[in-house]
Amino acid sequence: MTDRAPQSSADNLLPAGDPVPLPIAAVEKPRNQWLDVWDQFKTHKGAVFGLGFLIFITLFVTIGPWLWQVDPGKLDIRNKDVRPLYMALFDSDAKVSWANPMGTDNLGRDIMANIMQGGRISLAVGWTAMILAVFLGTLIGVLAGYFRRLDGLLMRFTDLVLSLPLLPLLLVMMLLFRDPLRAAFGPENGIFILIVVGIGITSWMQTARIVRGDVMALKEREFVLAARSIGTPPRRMITRHILPNVLSPIMVSATLGLATAIITESALSFLGLGFPSDFPTWGKILFDSVDRMTAFPERVLWPGLAISLTVLAVNYIGDGLRDALDPRIRGL
Amino acid sequence: MLDATKKPLVSVKDLKMHFPIYAGLLRRRVGEVKAVDGVSFDVFEGETLGLVGESGCGKSTCGRAVLRLYDITSGAISIDGREIGATPQTALREMRPTMQMVFQDPQASLNPRMTVENIIKEPLDEHTKLSDAEKREKVGELMDAVGLNRKFAKRYPHAFSGGQRQRIGIARALALNPKFIVCDEPIAALDVSIQAQVVNLLEDLQEQFGLTYLFISHDLSMVRHIATRVAVMYLGKIVELAPRDGLYADPLHPYTKALLSAVPEPDPSLARSTQRIILKGDVPSPSNPPEGCNFCTRCPSVMDICKRVEPEYREVHPGRFTACHLYNDTIDTAGSTAGHEAEGHTQ
């Protein structure tokens with residue numbers, strides 16, 4: 001033991017000594033800054049768990065159907081109302097089956113296959129609509145905050161959209177554009193585009209307002225004046241000085257936006273104006289199961305868990321990313 | 001001190017910078033803040049013109065307006081033989097490398113999200129077509145020139161002390177080999193030991209690169225150290241402009257006298273014997289300056305004419321400009337002595 005102790009302390013010293021040559025090497029060849037961002041990101045436990053879960057759920061819905069080759073739409077009346085496997089622990093009479101580990105619904109469709117298929121749609125809608133909304137919100141916010149001439153016009157337009165009742169607006173949009181889009185892009189793609197655009201253009205306003213306020217404050221900072229004295233034109237001023245400094249609020253509204261998009265899609269599906277009825281999404285599975293929730297709580301539990309855990313994971317990732325992208329927190 | 005062969009690098013004529021005030025329900029224009037109201041001066045090549053005055057007198061605005069960081073209300077500015085007073089901002093871009101600025105607050109003037117290398121490199125990105133390796137080399141040279149370790153190139157501004165940050169700001173201003181640098185209170189946010197370092201650095205760089213400075217400060221002793229000529233501003237106007245030694249030895253304008261008497265004297269016996277001129281009252285609002293001379297509300301030697309007629313800003317001795325009625329009627333006969341006597345009576 002005694003002669004081992006110096007050995008282990010030397011071992012401990014080595015990895016600590018290793019990074020020392022790095023900064024010297026950085027003078028010649030710069031170290032990739034994304035490595036620093038990753039190092040900081042790793043220190044945020046919640047963000048790492050969130051990222052792990054997001055990768056898991058993404059693989060679950062993309063690779064899953066290849067491994068679990070059950071048709072989510074296949075009716076099997078004989079095997080209807082199968083309970084999930086864990087029910088066997090509480091109730092020896094429960095109808096469980098290894099063929100349907102999460103159980104089946106009242107028409108005998110396999111819930112796990114439905115969750116996988118529904119997750120594909122929900123995640124695709126959530127991410128695309130969120131990216132669209134954040135893009136629109138940032139664009140309008142930056143333009144309104146930076147160019148004083150556009151401010152009044154763009155912000156009154158934002159107020160106008162904010163004051164519209166969103167759900168009726170979405171319903172009208174669905175009624176008006178569903179058929180032409182279906183004809184142009186096919187039933188599934190047409191609806192997908194309609195829902196994504198619908199959610200995207202009705203949820204950018206909060207982002208725009210927050211970004212505008214931050215840009216207006218940043219514009220008066222001295223480093224912007226310094227860049228102006230160098231002769232930096234407005235577009236590079238925005239990309240180089242303004243946008244990196246409003247990243248935090250954008251990140252926060254992006255993570256919240258993903259959650260809102262998934263939930264709005266569920267609401268639309270619930271009202272029968274989303275995807276066709278044989279087309280599962282997390283939101284629709286959830287709402288379809290609400291009326292028999294007391295008898296079969298698992299049918300609400302699975303999609304509900306998937307939605308809330310995804311949203312939570314993305315929130316944590318956003319939190320960790322925001323810290324990791326801030327050099328002051330990164331401690332460099 | 002004043003070399004007759006030197007030509008002015010920067011020439012400012014009757015520069016005015018008024019900021020509009022909007023008020024009321026309809027946001028109508030109800031007036032304007034006359035931050036800089038008719039300022040004229042020349043800065044000769046290789047010299048340092050100190051610009052002093054109390055807070056809010058328009059020093060910084062004047063410095064920024066000279067670089068056309070604002071769209072000026074009226075006046076003419078010519079830098080290095082080119083008239084830029086009315087040039088639109090987009091056309092000014094190619095002139096930017098000649099004129100640069102060092103800012104007051106080294107914390108606020110550096111983008112917290114950019115590394116030191118990127119901050120110093122920004123002017124090179126905007127105005128040169130060097131390769132990445134060449135830019136990195138140039139950044140290294142600039143960091144050497146201002147006394148920063150090249151190893152710190154990948155760090156962010158928050159990791160530096162105030163003095164180091166100011167050096168980063170100076171390196172950025174130097175990147176394009178400018179001829180003219182406006183130093184907008186570069187030492188005001190630093191503690192005394194660092195102030196000396198930065199001022200000495202500025203002097204060394206001036207020698208090395210042949211720079212011309214407009215040095216804005218409210219620190220009279222620091223201006224005395226660095227400036228070749230000094231301009232004193234009060235309420236948006238230059239009240240006196242003179243070579244350094246002349247101004248500190250024999251100030252003409254009553255405001256300059258009051259300002260200089262406020263400089264602490266390190267020798268206690270001298271300090272007891274010197275009489276401080278204490279001005280009464282506050283600086284009038286720049287949105288509503290008094291009629292006549294701007295200083296007439298606080299001037300210890302105020303006369304009737306001061307409250308009616310604005311004094312002309314003119315050369316009373318070779319190289320010494322002032323705007324004061326005390327020197328106007330006696331100039332062609334008795335020179336400045338009569339003015340001094342008049343001054344002495346009123347004090």
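This is a predicted model: local features need pLDDT of at least 70, side-chain atom pairs count only at pLDDT 80 or more; totals for chains, interfaces and linings use all residues.
Let me start with helix α9 (residues 166-185) of chain A and helix α10 (residues 187-201) of chain A, whose axes come within 8 Å of each other and cross at roughly 145°, where the axes are lines fitted to C-alpha atoms, for helices over the stretch in contact, and angles run from 0 to 180 degrees between N-to-C directions. Helices here are DSSP runs of H or I with at least four residues, strands are E runs of at least two, and both are numbered from the N terminus.

Residues are numbered from 1 along each chain as its sequence is written, chains are lettered from A and ligands numbered from 1 in the order in which they are written, and side-chain values use heavy atoms, with hydrogens and water left out.

Contact means heavy atoms within 4.5 Å, and the residues of α9(A) that meet α10(A) include L170(A), M173(A) and F177(A), with I191(A), L194(A) and I195(A) among their partners in α10(A). The residues of this contact divide into 13 nonpolar, three polar and two charged, with Ala, Val, Leu, Ile, Met, Phe, Trp, Tyr, Cys and Pro counted as nonpolar, Asp, Glu, Lys and Arg as charged, and the others, Gly among them, as polar.

Turning to chain B, the buried residues of α4(B) are K135(B), K138(B), V139(B), G140(B), L142(B) and M143(B), buried meaning under 20% relative accessible area, exposed over 50% and partly exposed in between, with a 1.4 Å probe and protein chains only. Their cover includes α3 (116-127) and α5 (162-174) of chain B, and just after α4(B), G147(B) takes a positive phi of about 80°.

Now the sheet of chain B, which is open, has eight strands in the order β6-β7-β8-β3-β9-β10-β12-β11 and shows mixed pairing, where two strands pair if DSSP finds at least two bridges between them. Because β6 (99-102) and β11 (314-317) of chain B stand at the edges, each with a single partner strand, one side of each is left without a neighbour in the sheet.
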